[in-house]
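Subject: Structure handover

Hello,

Here is the structure for you to look over. My notes follow below it.

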Amino acid sequence: MVVEIELTLCSIIQGVALYFLVDNARLVLSGGQSAAWPYAATGLLIILLFWSRSLIHTLTLIRWPLEFVHNFLYIACALVEALAFTRLGDPFMWFVLTALYAIMVWALFVYDKRIVELRGKDSAGPVGSRLYAMVGADQRLNIAIIIPAIFVFNAGSAIAIHAKPEFFLQRHGHLILIALQAIGLLLYLASVIRAFIKFVPLISATRGEWRAAAENASHPG
């Protein structure tokens, strides 16, 4: 039941984010702002990344009871995400808001680290121990390196645009920045998909260990 709630919430909030992306992409592109195309494509990558990461978190971490703070952070991330999608034609604010979005995602990873540790203790079986060793390593990598690097790039891009508007805005140098952002997010998405492929057989086996443990606890004889 909790997993179904989590998956429904993730789908709804990313559906809302996609609505904002589509609506604002339609506005800027119908207005002839061809420079906004890379921002719309990058926005789609952001949605795919958030959804795929939330799917992995749901299938590996979520059990009873429902984690309210975890879900509140999901909603807060979606809010900043949607705000960024309203700025497809404003490179400076795009990078400001995606930097803020990186902070929100970092906070989510930090909070979920506690859940990873709890699930590691809950899963004493060999498969579960292996799964949560891998999930924990992935969590630490995102907290220590990947998300901070994304924040630094986005914040640095916003500072560069503000400091040199004649190059980044008037001469469209911002297209270099959005291209680098898109490439980085595409590589990150590819790594998430590879990680999910590795996790899939372990997730199924770990949930089998959970069910066996629950049955043994309810029928000790």
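Buried means under 20% relative accessible area, exposed over 50%, and partly exposed in between (1.4 Å probe, protein chains only). By that rule C10 is buried, at 2% relative accessibility. C77 is buried too, at 0%.

This is a predicted model: local features need pLDDT of at least 70, side-chain atom pairs count only at pLDDT 80 or more, and totals for chains, interfaces and linings use all residues. Residues are numbered from 1 along each chain as its sequence is written, and side-chain values use heavy atoms, leaving out hydrogens and water.

**Overall**
The protein has seven helices and zero strands. Helices (H or I, at least four residues) and strands (E, at least two) are DSSP runs, numbered from the N terminus. The C-alpha atoms fill a box of roughly 75 × 30 × 25 Å along the principal axes. Of the 221 residues, 43% are buried.

**Helix 5**
This helix covers residues 126–163, 38 residues in number. Its first and last C-alpha atoms are 54 Å apart, close to the expected 56 Å. The expected span is 1.5 Å times one less than the number of residues. Helix 5 also bends by about 50° at N142. That bend is the angle between axes fitted to the seven residues ending there and the seven starting there.

**Cysteines**
How many disulfides does the whole structure hold? A search finds zero. A disulfide here is a pair of cysteine sulfur atoms within 2.5 Å. The sulfur of C10 has its closest cysteine sulfur in C77, 11 Å away, so the two are too far apart for a bond.

Best wishes
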